[in-house]
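Please examine the two-chain model shown below. The report that follows describes selected strands, helices, loops and contacts.

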Amino acid sequence: MKRVTTSRIAGAGILALILSSGLSACGSDDDDGAASSGLPARVTIKALSDLTGATAFLGKQAENGMRIALEEINGQKFLGDTRLEIETTDLGSNQQTSASEAAKAAADKSVPLVIANTVTPIAAAAAPIMQRQGVPFISSLSGVLGVNLGEYTYILPTPVQSMQKLAAGYLKSKGTTKLGILYDSSNATQQDIAEKIYPGLADEYGLTIVETIAVNNNTVDLSAPINKLLGAGADAIFLGVAGAQAATAVQQAGEHGFTGNFVATAGVAGGVLKPAGKYAIGVTWSNDFSAVSTAERSKSFTEVYKSKYNGEAPIQGAAYGYDAVWLAARAIKQANSVNRGDVLKGLQEVTSGTIDNSPRGGVTFKDRVSYSTGLLVQWDGTKEVAVPQP
Amino acid sequence: MHEIIYATTLASVYLMFALGLSITWGTIDVLNFAHGSIFMFSAFSVYLMLEHFDTGMGLLVMVLVGAGVGALLSGAVHLLAFEPLRRRANARDREMQMLIVGVGLSAVPVALANKITGGNPFGLRNDALKVETLHILGVPITSVQLIIMVVAFAMAVAVQQWLRSSRHGLALRAIGVDDETSSMMGVNRSRLALVTMAGAGVMAGLAGVLVSLSFGAMTPSTGDFLILKAFAVIIIGGVGSVTGVVVGAFVLAGAETLILTFTGGTWVDAMSFALIFLLLLVRPQGIFGRRAVVKT
């Protein structure tokens, strides 16, 4: 056998550790095509998107949503003779890349504004740089914690507390009393829901939290934590995990004999649960947007998205990406300048009222965080369906 | 009892994944960072067949397809990248170049799978596959998990016996000690290296299919998560030692399961890798590794 030196083993180990490390019918209300004398012929905003990696399913949808908005903005000459462009960089769902690309964007003074199409842990690596360097920053997929660091940051998803009240109400309507919680400890939003929001909602909705278990986002086998939740007597489980982990958790719980209710976050939307087959039937989550929503504005956005992307249904990421670019365009138009300070003032002004061309319906901002009504969505084994609110 | 059974199932997953990686590293000196991608893409190929033909597929067919794709990919990586590098680069630079090439190659299947799936998880469960849940000493365990345990340990025993008792195994071990001398003694290094890489690919493909079935879902990045665990397993046990991989898999899976059960998942990686660090301080070559001999 090969005799391997310690330094070679250590070198390989270090490298391994380093390696470990996403409408035409949607016009604006104020699309008057006014001349924008303070704007150059082209304005390029920077997008930092997860196009690969664990959360690429969200980043890609956000990217697609951005492209729809961009076509509308340029098509209707929203910025007059100025053409809006987006330069996207793939973050690979990686925090280090997020920080380094944010630093590059901040250093490029021609960039008036940055959009991050990435989840909380990755956006949190970029947010301090944006804040310190004074770059207007729209975070389209993240939660507030660790990202909303000051006046330069705008967050698009409706805060999870507001969304989870819908899910808790659903559990109450099903007669659930004992809740088990499984969450990804590397995600500040999921951690907040698991450790603060549900304990805070428990009394109001008649829930007793029987067990809370954190897992890392690289935990591939969830048999042990699932067994622990079921052992504690949970008759419902909150899934604070996304992507493959959510499908694995649902399947392994089903194989352990669990027949109760699952509630989740929007991280399970977009067909994520399909691999779990029959075990995923009935998993319910609250969301800002869903392609199955019956609201007119959601339906028109969904139709445009499907026609542009080969029939693929949009998930919330697409709506956030769309909203992010429209928000950026409005701010730039309001500022009539690509100066970052002016664009920030533009953001402050356009977010003072209700934005009503969002696929999510009417959107308002409070403390630079957007709010919409939301809806409950359920996986029926093959597709998402809207659930009447209890 | 629950913890022992869950640790054993997890150890079996790590063992299946890490065994091929350890053998190629310890004998033909190829540290194949594309191993995780081969693992993932083998399962993904089966998924594409299921989607394309819109038909059910039994376990045997799935593992054969997965193992075949794994062998082809691993063999191709060796012939097209590692072997030309080995011939051209000097011994000092070769190892680092292979590492970098492996990292680069691993991105290709991941990017392809990401493009096709849109980054969504994929799974292999289908109507033709019957998965039963059994109870062993009161612990629920699926038939797929049982198969993984049996296959993992059968693979380890078979590889160990092959290395110890067969003529080719002896030749491979000789390459592991000194490939130049073994070549002068008539060992066809190139052919044996190709067979070893293809064999590692078979194990990766087999693991990809079975692990995907067991966990229900896999993403294009799942192989990247597991390669980190595999390095830990190999370093604990000692590079190139089959017994070492078995023990390393049990140590890591046992530590992770116990920490997860009794403390909380937040600490799993930190405490597991602290354990590895301590072990390396005491025994740098790993539990079953041998100290390096400095040639003069």
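## Strand pairing, chain contact and core

In β10 of chain A, A:T284 is the bridge partner of A:V263. The model is predicted: local features need pLDDT of at least 70, side-chain atom pairs count only at pLDDT 80 or more, and totals for chains, interfaces and linings use all residues. Residues are numbered from 1 along each chain as its sequence is written, while chains are lettered from A and ligands numbered from 1 in the order in which they are written.

The strand β10(A) covers residues 284–287 and pairs with β9(A) in the parallel sense over two bridges; strands pair if DSSP finds at least two bridges between them. Helices (H or I, at least four residues) and strands (E, at least two) are DSSP runs numbered from the N terminus. β9(A) also runs parallel to β8(A), residues 236–240, and four bridges join the two. Within that pairing, A:I237 stands opposite A:F262. Together with helix α8(A), residues 243–255, the strands β8(A) and β9(A) make a right-handed β-α-β unit. Right-handed here means that, with the strands pointing away from the viewer, the path from the first strand over the helix to the second runs clockwise.

In a regular strand, side chains alternate between the two faces of the sheet. Strand β9(A), residues 261–264, is covered on both faces: A:N261 and A:V263 are buried on one side, and A:F262 and A:A264 are buried on the other. A residue counts as buried if 20 or more other C-beta atoms lie within 10 Å of its own, as exposed if 12 or fewer do, and as partly exposed in between, with C-beta atoms placed from the backbone.

The contact between the chains takes 48 residues from chain A and 56 residues from chain B; residues are in contact if their C-beta atoms, placed from the backbone, lie within 7 Å. On the side of chain A that touches chain B, the elements giving two or more residues are α1, α2, β7, α7 and α8 of chain A. Of these, α1(A) gives the most, with nine residues. This side of chain A divides into 22 nonpolar, 20 polar and six charged residues. Ala, Val, Leu, Ile, Met, Phe, Trp, Tyr, Cys and Pro count as nonpolar, Asp, Glu, Lys and Arg as charged, and the others, Gly among them, as polar.

Most residues other than glycine have a negative phi.

| Residue | Phi | Other C-beta atoms within 10 Å |
|---|---|---|
| A:K77 | near 50 degrees | 16 atoms, partly exposed |
| B:D29 | near 65 degrees | 22 atoms, buried |

A:K77 is found in the loop between α2 and β2 of chain A, and B:D29 in the loop between α1 and α2 of chain B.

Because 15 of its 16 residues are buried, α9(B) is largely enclosed by the rest of the structure. Just after this helix, B:G238 takes a positive phi of about 110 degrees.

Which residues touch the most other members of the largest nonpolar core? Of its 223 residues, they are B:Y14 and B:M16, and α1(B) gives the most to this core, with 15 residues. Such a core is a set of buried Ala, Val, Leu, Ile, Met, Phe, Trp, Tyr and Cys residues joined through C-beta atoms within 7 Å. Leaving aside neighbours within four places in sequence, B:Y14 is in contact with B:K229, B:A230, B:V233, B:A249, B:L252 and B:A253.

Technical notes. Two residues are in contact if their C-beta atoms, placed from the backbone, lie within 7 Å.
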